[in-house]
Structure formats: C-alpha cells, structure tokens
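This report describes one protein chain from its computed geometry. It begins with a single residue and then moves to the chain as a whole.

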Amino acid sequence: MLKKDWFLVISSALLMSLAYPPFPFGFVIYFALVPLIFALENKGLSDAFKIGYIFGLIHIYNDVGFSYTGIVTHYRGDVKELTVPPEF
C-alpha cells in the first residue's frame, strides 16, 4: 500500500466516524466512502482485503469509543467511575 492509500483509508474511516453521534455531521455519510473507493481502485484481492480491514478497524475503534463514552455518561454521569479501578 502506498502512502496515498493510507491517507485515503484513514480519512474515509474518520469521516465515517464523524457521521455518527455524538457529532452533528450526519450529512458526511454521503461522502465518507468516496476516499475508500479511490483507495480500492485497481487493487488486487489481497490489497483490497487489507484496505478494508484497516478501514474497519479504525471505524469500529472510533465508533465503539464514542458509544461507550456516551452510554456511560448518560447512565452514570462520569466516565472516570468506570475507567479507574476502585481502591481497596
């Protein structure tokens, strides 16, 4: 993979993550996959798999992190309570 492909995949995954709550950029979803399509252009099966896997890892990592923070702060009020182990 070239540096250009890395940039396209990372930018596509970050744009895709911006389209989900808590960010108010839902319209970005219509353009988020365009860089990924350019990164997949004229690639073989193994390179396409690597690109898709990296895209998925970055997007899921961001999406789960934002969801976890949103759920915890909504129901518990403070993220620190669950992330810091209790002292005995």
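Is Asn62 buried or exposed? Asn62 is buried, with a relative accessible area of 18%; buried means under 20% relative accessible area, exposed over 50%, and partly exposed in between (1.4 Å probe, protein chains only). The residue is found in helix α3. Leaving aside neighbours within four places in sequence, Asn62 is in contact with Leu14 and Ser17, where contact means heavy atoms within 4.5 Å.

The model is predicted: local features need pLDDT of at least 70, side-chain atom pairs count only at pLDDT 80 or more, and totals for chains, interfaces and linings use all residues. Residues are numbered from 1 along each chain as its sequence is written, and side-chain values use heavy atoms, with hydrogens and water left out.

**Overall layout**

The protein chain contains 4 helices and 0 strands, and its pattern along the sequence is α-α-α-α. Helices (H or I, at least four residues) and strands (E, at least two) are DSSP runs, numbered from the N terminus. Of the 88 residues in the protein chain, 23% are buried. Among contacts between residues at least 6 apart in sequence, 52% join residues at least 24 apart. The accessible surface of the protein chain is about 6700 Å², and carbon and sulfur atoms account for 71% of this surface; accessible areas come from the Shrake-Rupley method with a 1.4 Å probe, and for residues only the protein chains shown count as cover.

**Helix α1**

Helix α1 covers residues 3-18, 16 residues in number, and reaches 23 Å from its first C-alpha to its last. This is close to the expected 22 Å, the expected span being 1.5 Å times one less than the number of residues. The buried residues of α1 are Asp5, Leu8, Val9, Ser11, Ser12, Ala13, Met16 and Ser17.

Ala13, in helix α1, has 0% relative accessibility and therefore counts as buried. With neighbours within four places in sequence left aside, Ala13 is in contact with Phe55, Ile58 and His59. Ala13 and Ala32 are 19 residues apart in sequence, and their C-alpha atoms are 7.4 Å apart.

Leu15 also belongs to helix α1, but its relative accessibility of 30% makes it partly exposed. Leu15 touches Val28, Ala32 and Pro35, not counting residues up to four places away in sequence. Gly26 is 11 residues from Leu15 along the chain, and the C-alpha atoms of Leu15 and Gly26 are separated by 10.0 Å.

**Salt bridge**

Side chains of opposite charge can pair when their charged atoms come close. A salt bridge is a side-chain nitrogen of Lys or Arg within 4 Å of a carboxyl oxygen of Asp or Glu, and the count by this rule is 1. Asp5 pairs with Lys43, with 3.2 Å between the closest N and O atoms. Because Asp5 lies in helix α1 and Lys43 in the loop between α2 and α3, the pair ties together parts that are 38 residues apart in sequence. Asp5 is buried at a relative accessible area of 2%, whereas Lys43 is partly exposed at 28%.

**Aromatic pairs and a surface patch**

Rings of Phe, Tyr and Trp (its six-membered ring) pair if their centres lie within 6.5 Å; planes under 30 degrees apart count as stacked, over 60 as edge-to-face and the rest as tilted. By this rule there are 2 aromatic pairs.

| Pair | Centre to centre | Angle between planes | Class |
|---|---|---|---|
| Phe25 and Phe27 | 6.4 Å | 85 degrees | edge-to-face |
| Phe49 and Tyr53 | 6.0 Å | 25 degrees | stacked |

Phe25 is partly exposed at 35% relative accessibility, and Phe27 is exposed at 52%. Both Phe49 and Tyr53 are exposed. These two residues, Phe49 and Tyr53, are 4 residues apart in helix α3 (residues 45-75), so about one helical turn separates them. An α-helix has 3.6 residues a turn, so residues three or four places apart point the same way.

Phe25 and Phe27 are also part of a nonpolar surface patch of about 850 Å², made together with Tyr20, Ile29, Tyr30, Phe31, Val34 and Phe38. Patches are made of residues with over 30% relative accessible area and no salt bridge: like charges are joined within 9 Å, nonpolar side chains (Val, Leu, Ile, Met, Phe, Trp, Tyr) within 5 Å. Phe31 is found in the loop between α1 and α2 (34-40), and at 54% relative accessibility it counts as exposed.
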